[in-house]
Amino acid sequence: MKLVVACEDTGAIKVVTALHGTDTSKPADDASPAQAVSITTHAEGNTRRSKVLQLVHSKHTGNIIVSRLNGAVEVYDTSKLEPAAEPLKDGAEKNDNSSGTIDLLQLVQENKSLIPPFENKDSEIFIDLLLDDSGRVIVATNKGSVFIWASEDKISNEPLKFTLPLDANESVESLQIH
């Protein structure tokens, strides 16, 4: 099994490969529980100020879509996470990250210009990232902005933008679609 997790301290995304029965709550030196087979780090160019706020898996494409504290929305290709993917052999193509492993999560779409980067507690931040049944991507902010793309492969394009009518000191905590 493969788990995709976001790292709060570095802004990176990690892929944890584990066998059935793995218990990550036990220390690695405890001989009884099975441990993760491998942990690879991706999206390493980020920091705490660009940490992942929301991470969702698309049922339509299998890709992972994230919203970040710095105002970016990104789509990562997960096709290399399939169980059939073989580990690297000698002479196989490697990416340029420090671990020398193949890049299991490749950034395929990105939009960095939706909201200004986080500065302080009054900054606009993403509060929800949703995919509806038809594949539309919807991102909402605490200041009432709602961004909608027709599909995840359009993330780098300008989205439709709506602004919810809010009072000056009012903020949005979550968004639900029915």
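1. Lys121 and Asp122 are both exposed. These two residues form a salt bridge, with 3.9 Å between the closest N and O atoms. The model discussed here is a predicted one.

2. Across the whole structure, a search finds 3 salt bridges. Another of them joins Arg68 to Glu74, where the closest N and O atoms lie 2.7 Å apart. Here both partners, Arg68 and Glu74, are buried.

3. Arg136 is paired with Asp132 in a salt bridge, the closest N and O atoms being 2.6 Å apart. Arg136 has a relative accessible area of 40%, so this residue is classed as partly exposed. Asp132 counts as buried because its relative accessibility is 16%, and the limit for buried is under 20%.

4. The largest nonpolar core has 12 residues in all: Ile65, Val73, Val75, Leu114, Ile115, Phe126, Leu129, Val137, Val139, Phe147, Trp149 and Ile155. At least two residues of this core come from each of strand E6 (73–77), strand E8 (126–131), strand E9 (137–141) and strand E10 (145–149).

5. Val139 is one of the residues of the largest core. Which residues is Val139 in contact with, leaving aside neighbours within four places in sequence? The contacts are Val73, Phe126, Asp128, Leu129, Ser145, Val146, Phe147 and Trp149. Among them, Val73, Phe126, Leu129, Phe147 and Trp149 are also listed in the largest core.

6. Thr141 belongs to strand E9. Is Thr141 buried or exposed? Thr141 has a relative accessible area of 0%, and is therefore buried. Residues up to four places away in sequence not being counted, Thr141 touches Ile115, Glu124, Ile125, Phe126, Ile127, Phe147 and Val172. Of these, Ile115, Phe126 and Phe147 are among the residues of the largest nonpolar core. Between Thr141 and Leu164 there are 9.9 Å in space, C-alpha to C-alpha, and the two are 23 residues apart in sequence.

7. On the surface, a nonpolar patch is formed by Met1, Leu3 and Val5, which together have about 260 Å² of accessible area. Leu3 sits in strand E1 (residues 2–6). With a relative accessible area of 39%, Leu3 is partly exposed.

Note on methods: Residues numbered from 1 in each chain as written. Predicted model: local features only at pLDDT ≥ 70, side-chain atom pairs only at ≥ 80, totals over all residues. Heavy atoms only, no water. Core = buried A, V, L, I, M, F, W, Y, C linked by side-chain atoms within 4.5 Å. Buried < 20%, exposed > 50% of the residue type's maximum accessible area, 1.4 Å probe, protein only. Helix = DSSP H or I, 4+ residues; strand = E, 2+ residues; numbered from the N terminus. Contact = heavy atoms within 4.5 Å. Patch = residues over 30% accessible without salt bridge, like charges linked within 9 Å, V, L, I, M, F, W, Y side chains within 5 Å. Areas by Shrake-Rupley, 256 points an atom, 1.4 Å probe, with all protein chains shown as cover. Salt bridge = Lys/Arg side-chain N within 4 Å of Asp/Glu carboxyl O.
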